[in-house]
Amino acid sequence: MNKLEQAREKINKTDLEMAALWVERMAAVKEVSDYKKEHGAPVLDSNREAELLENNLKAIPDELKPYYAEFLKAVIGVSKSYQRDRSSAEKGYIRLELGDRSYDIAVRRGGLSYAKDMMNLSRKVLIVTDDGVPKQYAETVATQCAEPYIITLPQGEKTKCLKSFEELLKLMLEKRFTRGDCVVAVGGGVIGDLAGFAASAYMRGIDFYNIPTTTLSQIDSSIGGKVAVDLDGYKNTVGAFWQPRFVLVDPDVLKTLDKRQVSAGLAEAVKMSACFDKDLFELFENCDIDENLEEIIRRSLMIKKSVVERDEKESGLRKVLNFGHTIGHGIETAENGRLCHGECVALGMLPMCSKEIRPRLLRVLKKLGLPTVIEADIAAVKSAALHDKKSEKSGVSIVTVEEIGSFKIEKTDFGGLFDRLDNYLKETAI
Ligand SMILES: NC(=O)c1ccc[n+]([C@@H]2O[C@H](COP(=O)([O-])OP(=O)(O)OC[C@H]3O[C@@H](n4cnc5c(N)ncnc54)[C@H](O)[C@@H]3O)[C@@H](O)[C@H]2O)c1
Ligand SMILES: [Zn+2]
């Protein structure tokens, strides 16, 4: 055995010993978490962390001290996520794991009325909503806050702009919000994106909670941390990645949402099921959708959560969530407000799936009352799609679905994408 092999042997042996010790350590962590649960103590204990570091470093040679500190911090981090995961699972929360930006998502009927049990509202709270959202939702949250300020903006995409962003920031400044205060969105994707962006920027970032009230926001936009406003008519041009601290999904609030909005939001769930979850797609095909709304929301959140966990900043996998969106955005612009986002995504998926599954997708879209025929001017659709993606010089990433439950992401140029659209239109022309 040469020197290298000998050293590797030693590493293998110590790694095995460490693995056994780590299992023992995690068993002890579990005991601590059970104890804390019984006594209502928090998972985090920063004194304890500092104490562990100080004690253990004494036994480490100087040269290795910084590396050991890094190692121990990672071990402590893993223990904390283990404790949090156990506690989230117990509460029935869905945990989105992103290291120190991890958070829980609660799906709770009637949860709005006990929001304060799930979020820290005992401080100044800016509650952002719009005039289309029944005002009792924001008020229900406000009654649970130590110092609430409700701001109600006009409903609609136009509110997602720099002017509203400034308005929120100014209000927080005027009310002397500090870094320890927070923002709560009570509304659909427009309010969530705007309020989250204001939270990301105020004093370089304060806590943000999202209480989504539309199907689209409950299924999709409230998690994942993409926050933004539009600029000069270009969607989401100015924004950030700012994860919420907690997301409360109360399916009861959907009772006041009009049917068209409910269906438009569900188009995003159809999108996710087509790419990832055959069972969910079959649920759309075979079951009563209203009766299964909560199940649809949960399953969609699970899909989105796992995509975000694997690719927070959209460097790869997260692009799959754009299935149907490149053509969809083109249609949205060309239709100039006549169709809502989800309806355009529904249409945008049709050219991007195989001929074999298209009839199934069409049946589901019809069942939801979503449009199934592209009526917009195709030249306008193409020009808007081009404009939309103009920053992607090397072409465009497209997502296609050949079989329900799986997908492909391919790089192509606009010629390739438009050929696909033209072929689809030829195939479906009467
Ligand atoms: N951040 C992301 O990851 C992400 C993902 C997808 C979409 N989005 C964004 O989401 C936005 C669209 O969101 P949306 O579809 O929720 O639209 P929206 O926020 O405009 O809400 C739709 C309408 O429903 C009303 N409303 C909301 N909740 C209600 C309720 N419970 N009862 C009655 N009326 C209610 C609103 O007043 C509004 O008029 C777009 O700006 C889009 O860019 C963001
Ligand atoms: Zn969308």
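**Figure 1. Strand β5 and its parallel partners in the predicted model.** Strands β5 and β6 (residues 207–212) run parallel and are joined by six bridges. The structure shown here and in every following view is a predicted model. Within this pair of strands, G187 has P212 of β6 opposite it. Strand β3 is also parallel to β5, and four bridges connect these two strands. Here V125 is placed opposite C182 of β5. Strand β5 covers residues 182–187, and six of its six residues are buried. C182, V184 and V186 point one way from the strand, whereas V183, A185 and G187 point the other way. In a regular strand, side chains alternate between the two faces of the sheet. In β5, the residues that point in either direction are all buried.

Figure 2. I127 belongs to strand β3, which spans residues 124–130. Is I127 buried or exposed? I127 counts as buried because 26 other C-beta atoms lie within 10 Å, and the threshold for a buried residue is 20 or more. Leaving aside residues up to four places away in sequence, I127 touches A138, V141, A142, P148, Y149, I150, V184 and V186. I150 is 23 residues from I127 along the chain, and 4.6 Å separate the C-alpha atoms of the two residues.

**Figure 3. V183 and the largest nonpolar core.** The largest nonpolar core contains 100 residues, and V183, V184, A195, A274 and F323 touch the most other members. Helix α8 (residues 259–276) provides the largest share of this core, with 10 residues. Domain 2 (103–257) and domain 3 (275–428) each contribute at least three residues to the core. In soluble globular proteins, nonpolar side chains tend to be buried together. Which residues does V183 touch, when those up to four places away in sequence are not counted? The contacts of V183 are L126, V128, A195, A198, A199, I206 and F208. One of these contacts, A195, is itself listed with V183 among the core members that touch the most others.

**Figure 4. The shell around ligand 1.** Ligand 1 has 29 residues around it, of which G132, G188, G189, T214 and S221 come nearest. Which elements each supply at least two residues of this shell? They include the helices α6 (189–201), α7 (215–221) and α8, together with strand β8 (234–241). When the shell is sorted by class, 15 residues are polar, seven are nonpolar and seven are charged.

Figure 5. Strands β7 and β8 are antiparallel and are paired through five bridges. One pair of bridge partners consists of V227 and, in β8, A240. Strand β7 (residues 226–231) is mostly covered, as five of its six residues are buried. The hairpin has two residues between its strands, and D232 takes a positive phi near 50°. Most residues other than glycine have a negative phi. N236, a residue other than glycine, also takes a positive phi, near 55°. N236 is placed in strand β8. N236 counts as partly exposed because its C-beta neighbours inside 10 Å number 14, and this class lies between the limits of 12 or fewer for exposed and 20 or more for buried.

Figure 6. E314 is found in the loop between α10 (293–310) and α11. The phi of E314 is positive, near 55°, although the residue is not glycine. E314 is partly exposed because 16 other C-beta atoms lie within 10 Å. L339 lies in the loop between α11 (325–335) and α12 (341–349). Why does L339 count as buried? L339 is buried because it has 22 other C-beta atoms within 10 Å. Apart from residues up to four places away in sequence, L339 touches I331, E332, C344 and P371. P371 is 32 residues from L339 along the chain, and their C-alpha atoms are separated by 9.0 Å.

**Figure 7. The division of the chain into domains.** Three domains are assigned to the protein chain: domain 1 (3–91), domain 2 (103–257) and domain 3 (275–428). The centres of domain 1 and domain 3, taken over C-alpha atoms, are separated by 44 Å.

Key. Residues are numbered from 1 along each chain as its sequence is written. Chains are lettered from A and ligands numbered from 1 in the order in which they are written. This is a predicted model: local features need pLDDT of at least 70, side-chain atom pairs count only at pLDDT 80 or more; totals for chains, interfaces and linings use all residues. A nonpolar core is a set of buried Ala, Val, Leu, Ile, Met, Phe, Trp, Tyr and Cys residues joined through C-beta atoms within 7 Å. Domain bounds come from an automatic or database domain assignment. Two residues are in contact if their C-beta atoms, placed from the backbone, lie within 7 Å. A residue is near a molecule or strand if its C-beta atom, placed from the backbone, lies within 6 Å of it. Ala, Val, Leu, Ile, Met, Phe, Trp, Tyr, Cys and Pro count as nonpolar, Asp, Glu, Lys and Arg as charged, and the others, Gly among them, as polar. Two strands pair if DSSP finds at least two bridges between them.
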